[in-house]
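Let's walk through a protein structure together, one step at a time.

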Amino acid sequence: EAGVTQFPSHSVIEKGQTVTLRCDPISGHDNLYWYRRVMGKEIKFLLHFVKESKQDESGMPNNRFLAERTGGTYSTLKVQPAELEDSGVYFCASSLAAGGVAYNEQFFGPGTRLTVL
Amino acid sequence: RKEVEQDPGPFNVPEGATVAFNCTYSNSASQSFFWYRQDCRKEPKLLMSVYSSGNEDGRFTAQLNRASQYISLLIRDSKLSDSATYLCVVKASSASKIIFGSGTRLSIRP
C-alpha cells in the first residue's frame with residue numbers, strides 16, 4: 001500500500017512568489033494534517049482536515065497560508081506571497097480516524113523542503 | 001516555556017550501550033504520549049506509544065510519570081541503526097493536535 005506522498009520534494013522560490021504544496025494521504029484516511037519544521041525548531045502543527053472540512057487550523061501562521069482539501073482526498077497548501085521566514089520542511093500526515101480514546105497513528109509523508117530566497 | 005521539552009543532545013554512545021532520554025511536558029491534562037524516530041532528512045515515524053504502566057518493545061522501553069510529567073525512553077544493547085533523532089510527542093486529548101518536542105539526537109559509534 002502506498003504511503004503518504006508529497007510534491008514537490010524541494011522548492012526554491014523568491015520572496016513574494018507563490019508556492020503550492022500537495023499532499024496525497026493514504027487511501028481511505030479521512031484525517032489529514034499539515035506540519036512545518038523551520039530550521040532549529042520543533043515540528044509544529046498547522047492544521048487538520050477531517051475529509052474536506054477544517055477541523056483545527058489554529059496552527060496556521062497567518063493569512064498568507066491557505067490549505068484546501070476539495071473532495072476530501074488530496075490537499076494543497078498554498079503560500080502567497082512567500083516570505084523568508086516561511087522556509088522550512090512542510091510535512092503532511094494522515095490517519096484513519098482521530099476520535100475516541102485510542103490514538104490513531106499518524107503516517108507522515110517525506111516532506112517538502114521549501115526555501116524562500 | 002515549551003510545551004514539550006527534550007535534551008537536544010547529541011548523545012554519542014558506543015554500540016551495545018544502554019541509553020536513556022527524558023522528556024517533560026507542561027500540560028497536566030495531556031492524555032497520550034509517544035516516541036517518534038526521525039532519520040536525517042526523513043519523515044518522523046512512530047516508534048512506540050507510551051502507556052501509564054510502561055511498555056516494552058524489544059530493546060526499547062518507554063515509561064510515563066504523570067505526577068512529574070515526564071516520559072522516558074530506554075534503549076538497550078544499542079545498534080548502529082539506532083542513530084537518529086528521537087522525538088517526544090504529546091497529545092492533550094483524542095481530538096487535539098499533537099505537540100512535538102524538538103528531538104534528541106542519538107549517535108551510536110562502532
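Phe21(B) and Tyr86(B) are both buried, where buried means under 20% relative accessible area, exposed over 50%, and partly exposed in between (1.4 Å probe, protein chains only). The model you are looking at is predicted: local features need pLDDT of at least 70, side-chain atom pairs count only at pLDDT 80 or more, and totals for chains, interfaces and linings use all residues. Residues are numbered from 1 along each chain as its sequence is written, chains are lettered from A and ligands numbered from 1 in the order in which they are written, and side-chain values use heavy atoms, with hydrogens and water left out.

Now for the aromatic rings. Rings of Phe, Tyr and Trp (its six-membered ring) pair if their centres lie within 6.5 Å; planes under 30 degrees apart count as stacked, over 60 as edge-to-face and the rest as tilted. How many aromatic pairs are there over all chains? The search of the whole structure finds 13. One of them joins Phe91(A) and Phe108(A) edge-to-face, at 6.3 Å centre to centre with 80° between the planes. Phe91(A) lies in strand β9 (residues 88–95) of chain A and Phe108(A) in strand β10 (residues 107–108) of chain A, so this pair ties together parts that are 17 residues apart in sequence. Strands (E, at least two residues) and helices (H or I, at least four) are DSSP runs, numbered from the N terminus. Phe91(A) and Phe108(A) are both buried.

Phe91(A) and Phe108(A) also belong to one aromatic cluster, together with Tyr33(A), Tyr35(A), Phe45(A), Tyr36(B) and Phe100(B).

Next, turn to Ser49(B), which is found in strand β5 (residues 44–50) of chain B. Is Ser49(B) buried or exposed? Ser49(B) has a relative accessible area of 17%, so it is buried. Leaving aside residues up to four places away in sequence, Ser49(B) touches Phe33(B), Phe34(B), Asn55(B) and Ala62(B), where contact means heavy atoms within 4.5 Å.

Finally, see how the chains meet. The contact takes 19 residues from chain A and 17 residues from chain B. About 1700 Å² is buried between chain A and chain B, with carbon and sulfur atoms giving 55% of that area; buried area is the accessible area (1.4 Å probe) that two parts lose on being put together, summed over both. Across this interface of chain A and chain B the rule finds 1 salt bridge, meaning a side-chain nitrogen of Lys or Arg within 4 Å of a carboxyl oxygen of Asp or Glu.
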